[in-house]
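I opened this notebook to record what I looked up.

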Amino acid sequence: MINCHIPVMLDEVKSFIPISKDLNLIDATFGGGGYSKALLEEFNIKNLLAIDRDPTAKIFFSELKKKFKNIELFNEKFSKIDELIKKSKLSNESFDVIIFDLGVSSNQIDNPYRGFSFQNEGPLDMKMGSSTLNAYEIINSFEEKKLADIFFQFGEEKHSRKIAKNIIKNRTIKPIVNTKELSDIIRNSVPFSYSKNKIHPATKTFQALRIYVNDELNELKIALKKSENLLAPNGLLIIVSFQSLEDRIVKDFFNHKSGKRWRSSRHLPDLGDLGPITLKIITKKPLRPKDFEIDNNPRSRSAKLRVAQKI
Ligand SMILES: C[S@@+](CC[C@H](N)C(=O)[O-])C[C@H]1O[C@@H](n2cnc3c(N)ncnc32)[C@H](O)[C@@H]1O
């Protein structure tokens, strides 16, 4: 299998990592291994633990393992990061760098059989790993209100109700089985002016489904809390996110743990107002990819990079 994923904001990620120090590092979203490979080649990595819930990560990892012996992969969800470390040979260590490069890789999006993309016809799957539900089950069995809520909450889709209504109408005739059918229903549910937007009318609904299938926001909230506890003093938590719901969670977590006790929405009650100050924010504002990176790799365009340091 060829690795089609181009690592995003890699130069910026590298710019935060100390060169002269021996490092224990966790790459919590191994993907095609682009970050891991570059970091192993350019930094003094004592040990690298990689995590990815997608079984295809094992293929790319085995390539890297031929060259580097100090690496270990867990084909698991990153919300289990603490349990995985306990199982590893580094159970008593703390970590100098933990990186999350969130979302999906090009190896996932570009494979039509995974069902992530409305650009390619494929089954309605969208599972990154072993989730209990897939997109087909949601689209063909959830009630209308629940569908509308998912599209609104996880896609910020303002036409969520109309889309949900049309899904129900279509599926009573026959099940909706593939990405093309779903994307046509969505296009026919939104006003024509919306279809002329820069983004495809199915973008937000597909994002919402993917987030729901993989429980992505809860995964992130749990993993952030656990990662902070695994960091060594001065250790870095480096997060690249690709959509505003994720970035808000990261921003709120960093603000809260650095003492600002501030949340971007009162509707995000997850963080209590008390607790010790354990992080220092390194990136006052999130870094964005440079124009030349966006030109070379348009998928990088929505990336935001935030870094915090353990006190
Ligand atoms: C953007 S890609 C990472 C690409 C990687 N940095 C590279 O250079 O190849 C995100 C990866 O994170 C994985 N992932 C997303 N959510 C996850 C989770 N909750 N647990 C484990 N892996 C996850 C996906 O399966 C995907 O392979």
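**Entry 1: the model and its domains**

I note at the start that this is a predicted model. I looked up the domain assignment. It gives domain 1 as 10-107 + 217-310, and domain 2 as 132-214. I then checked the distance between the two. The C-alpha centres of domain 1 and domain 2 are 30 Å apart.

**Entry 2: helix α12**

I checked the length of α12. Its 15 residues should span 21 Å at 1.5 Å a residue, and the end C-alpha atoms are 21 Å apart, so the two agree. Next I asked which residues of α12 are buried. They are E216, E219, L220, A223, L224, S227 and L230. I noted the general rule that an α-helix has 3.6 residues a turn, so residues three or four places apart point the same way. I also looked up what the buried residues of α12 pack against. I found α4 (81-87), β4 (95-101), α11, β5 and α13.

**Entry 3: helix α13**

I turned to α13, residues 244-257. I ran the length check again. The 14 residues of α13 should span 20 Å at 1.5 Å a residue, and its end C-alpha atoms are 20 Å apart, which agrees. How many of the residues of α13 are buried? I found 10 of 14, so I wrote down "mostly covered". Among them are E246, D247, K251 and D252. I also listed I249, V250, F253 and F254 as buried. H256 and K257 complete my list for α13. The buried residues of α13 pack against α12 (216-230) and β5 (231-241). They also pack against β6 (279-281) and β7 (304-310). Just after α13, I came to G259, which takes a positive phi of about 100°.

**Entry 4: I26 in strand β1**

I picked out I26, which sits in strand β1 (residues 23-27). Is I26 buried or exposed? I26 has 29 C-beta neighbours inside 10 Å, so I counted it as buried. I set aside its neighbours within four places in sequence and looked for contacts. I26 touches L49, F95 and I98 in that sense. I also compared I26 with S227. The two are 201 residues apart in sequence, yet their C-alpha atoms are 9.5 Å apart in space. S227 is one of the buried residues of α12.

**Entry 5: α7 against α11**

I looked up how α7 (residues 144-155) meets α11 (residues 203-214). The two helices pack at an angle of about 95°, with their axes 8 Å apart. That makes α7 roughly perpendicular to α11. From α7, the contact uses I150, F151, F154 and G155. From α11, it uses K204, T205, Q207, A208, I211 and Y212. I sorted the residues of this contact into six nonpolar, three polar and one charged.

**Entry 6: two positive phi values**

I stopped at E156, in the loop between α7 and α8 (160-173). Phi of E156 is near 50°, a positive value in a residue other than glycine. E156 has 14 other C-beta atoms within 10 Å, so I wrote "partly exposed".

I then went to D215, in the loop between α11 and α12. D215 has a positive phi of about 50°, although it is not a glycine. With 15 other C-beta atoms within 10 Å, D215 is partly exposed.

Conventions: Residues numbered from 1 in each chain as written. Predicted model: local features only at pLDDT ≥ 70, side-chain atom pairs only at ≥ 80, totals over all residues. Helix = DSSP H or I, 4+ residues; strand = E, 2+ residues; numbered from the N terminus. Expected span 1.5 Å × (residues − 1). Buried ≥ 20, exposed ≤ 12 C-beta atoms within 10 Å, placed from the backbone. Contact = placed C-beta atoms within 7 Å. Domains from an automatic or database assignment. Axes fitted to C-alpha atoms, helices over the stretch in contact; angles between N-to-C directions. Parallel < 35°, antiparallel > 145°, perpendicular 65-115°, else oblique. Nonpolar A, V, L, I, M, F, W, Y, C, P; charged D, E, K, R; others polar.
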